[in-house]
Amino acid sequence: MNWINGTLRTAGTSLLYRCAWKVATRVAVSMFLLIATLAWSQPVPGSLDVYWNEGASDCSATPQDPLQIHKYEPQTFVLRQSPCADFEANFIYLLIGSDKALLIDTGAVADPKAMPLAKTILELLPEKDHKKLPLLVAHTHRHVDHRAGDPQFASLPSVRVVPIDLEGVRAFFAFVRWPNGIAHLDLGGRTVDVIPTPGHNSTHVAFYDERTGILFSGDFLLPGRLLIEDAAAYRESALRVIDFLRTHPLTHILGGHIELTAAGRAYRFGSHYHPNEHRLELARADLTALPAALEHFNGFYARYPNYILTNPIHNLLALAVIAVAILIFIVWGVRRLVHRRRGSAPGFPQ
Ligand SMILES: [Zn+2]
Ligand SMILES: [Zn+2]
């Protein structure tokens with residue numbers, strides 16, 4: 001009996017050891033795969049150590065290059081239009097994959113002599129099979145300062161320009177339930193996710209680059225004035241992007257303009273001179289603060305450390321109401337004055 005008990009105990013212990021070994025092996029393999037996956041999905045690092053062209057108080061006396069080119073990493077370029085070329089001073093982004101390249105926005109200047117955008121982009125494009133890589137030109141939204149350069153690309157071979165109207169955008173990216181859903185662009189070894197972000201403009205989209213972990217946010221989120229066309233849609237867009245980024249690494253949020261000083265003050269609208277600019281890149285915290293900021297927005301103006309919320313239509317209406325009120329007051333005052341003078345004039349019937 002003792003012998004049987006002993007054998008059973010030994011067999012039980014050996015079974016326990018084998019189970020423990022199996023579990024430990026599985027845990028180790030899972031940990032290895034997890035660590036390996038995390039390591040593989042780490043964004044490619046890049047540099048934003050750059051001093052952007054600040055324009056000038058007198059542009060005619062200070063000639064400067066219309067376009068500044070910054071290599072973030074070998075396959076990602078940030079281009080900035082000089083504030084002297086146009087006060088909007090747009091940022092334009094070029095993302096290069098192994099099969100094609102993506103250009104995000106074409107800026108505020110149409111004239112190729114004043115702004116040789118297409119020529120510059122073609123020079124930056126690498127060759128594949130002795131031909132320039134095909135290029136897709138897309139826009140964050142249809143405002144003219146983000147698409148004025150489109151005609152420069154219209155007749156180029158191997159270039160496709162995404163339409164600017166909402167129907168065209170929806171159809172091109174195959175959005176079925178706009179503004180919900182995410183579209184994907186495959187550039188060859190590089191996927192870019194397209195996220196609908198209406199609110200500033202009904203056609204607005206943001207681009208998330210899986211290679212660098214950058215969100216290209218256009219006018220949806222930038223260090224400047226967030227011009228609100230539809231606050232409810234804007235808030236929904238912010239929540240949509242926050243939700244998307246829960247499962248994606250984020251390195252930077254890069255918008256279409258810089259309109260603030262480093263201290264957070266806005267440059268005068270239309271200014272060609274941007275001394276001491278705010279940094280271009282915003283962070284996840286700026287995005288996560290946006291839904292609450294939009295929820296509490298008074299409909300006119302609200303200042304935050306890295307952006308300003310404003311509704312230009314409401315502000316114009318408010319100015320018009322104030323102007324009319326002042327006019328009514330002046331007319332009333334003049335009439336009252338004339339009436340009094342007539343009343344005090346000699347011979348005026350009392
Ligand atoms: Zn815009
Ligand atoms: Zn803009």
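I take buried to mean under 20% relative accessible area, exposed over 50%, and partly exposed in between, with a 1.4 Å probe and protein chains only. By that rule I can file E73 at once, because its relative accessibility of 4% counts as buried.

Before going on, I note that this is a predicted model in which local features need pLDDT of at least 70 and side-chain atom pairs count only at pLDDT 80 or more, while totals for chains, interfaces and linings use all residues. Residues are numbered from 1 along each chain as its sequence is written, chains are lettered from A and ligands numbered from 1 in the order in which they are written, and side-chain values use heavy atoms, with hydrogens and water left out.

**Entry: E73**

I placed E73 in strand β1, residues 67-73; helices (H or I, at least four residues) and strands (E, at least two) are DSSP runs, numbered from the N terminus. Next I looked up its polar contacts, meaning pairs of N or O atoms within 3.5 Å; within protein, one must be able to donate a hydrogen and the other to accept it, and residues adjacent in sequence count only if both atoms are side-chain atoms. The E73 side chain has such a contact with the side chain of T76 at 2.5 Å, and another with the side chain of R211 at 2.6 Å. For contacts in general I use heavy atoms within 4.5 Å. Setting aside neighbours within four places in sequence, I find E73 in contact with V44, P45, G46, R190, R211 and T212.

**Entry: the zinc site**

Which residues hold the zinc ion (ligand 2)? I found D145 (OD), H146 (NE2), D219 (OD) and H257 (NE2) as its protein donors, 2.1 to 2.3 Å from the ion. Donors here are N, O and S atoms within 2.8 Å of the metal (3.2 Å for Na, K and Ca); water is not among the atoms, so sites may look incomplete. The angles among the 4 donor atoms run from 86 to 156°, and the site is irregular. For that label, four donors count as tetrahedral if all angles lie between 85 and 135 degrees; four count as square planar and six as octahedral if opposite donors are over 155 degrees apart and all others between 65 and 115; anything else is irregular. The zinc ion (ligand 1) is 3.6 Å from the zinc ion (ligand 2), and D219 coordinates both. H146 sits in the loop between β7 (135-138) and α3 (151-154), H257 in the loop between β14 (252-255) and β15 (281-282), so this pair links distant parts of the chain, 111 residues apart. I checked burial too: H146 is buried at 0% relative accessible area, and H257 is buried at 1%.

**Entry: strand β14**

I count strands as paired if DSSP finds at least two bridges between them. Strand β12 (residues 214-218) runs parallel to β14, joined by 4 bridges, and I214 has H252 as its bridge partner. β14 and β15 run antiparallel with 2 bridges, and I253 is partnered with L282.

**Entry: the disulfide**

How many disulfides does a search of the whole structure find? It finds 1, counting cysteine sulfur pairs within 2.5 Å. C59 and C84 form it, with S to S at 1.9 Å. The S-S torsion is about -80°, so I noted it as left-handed.
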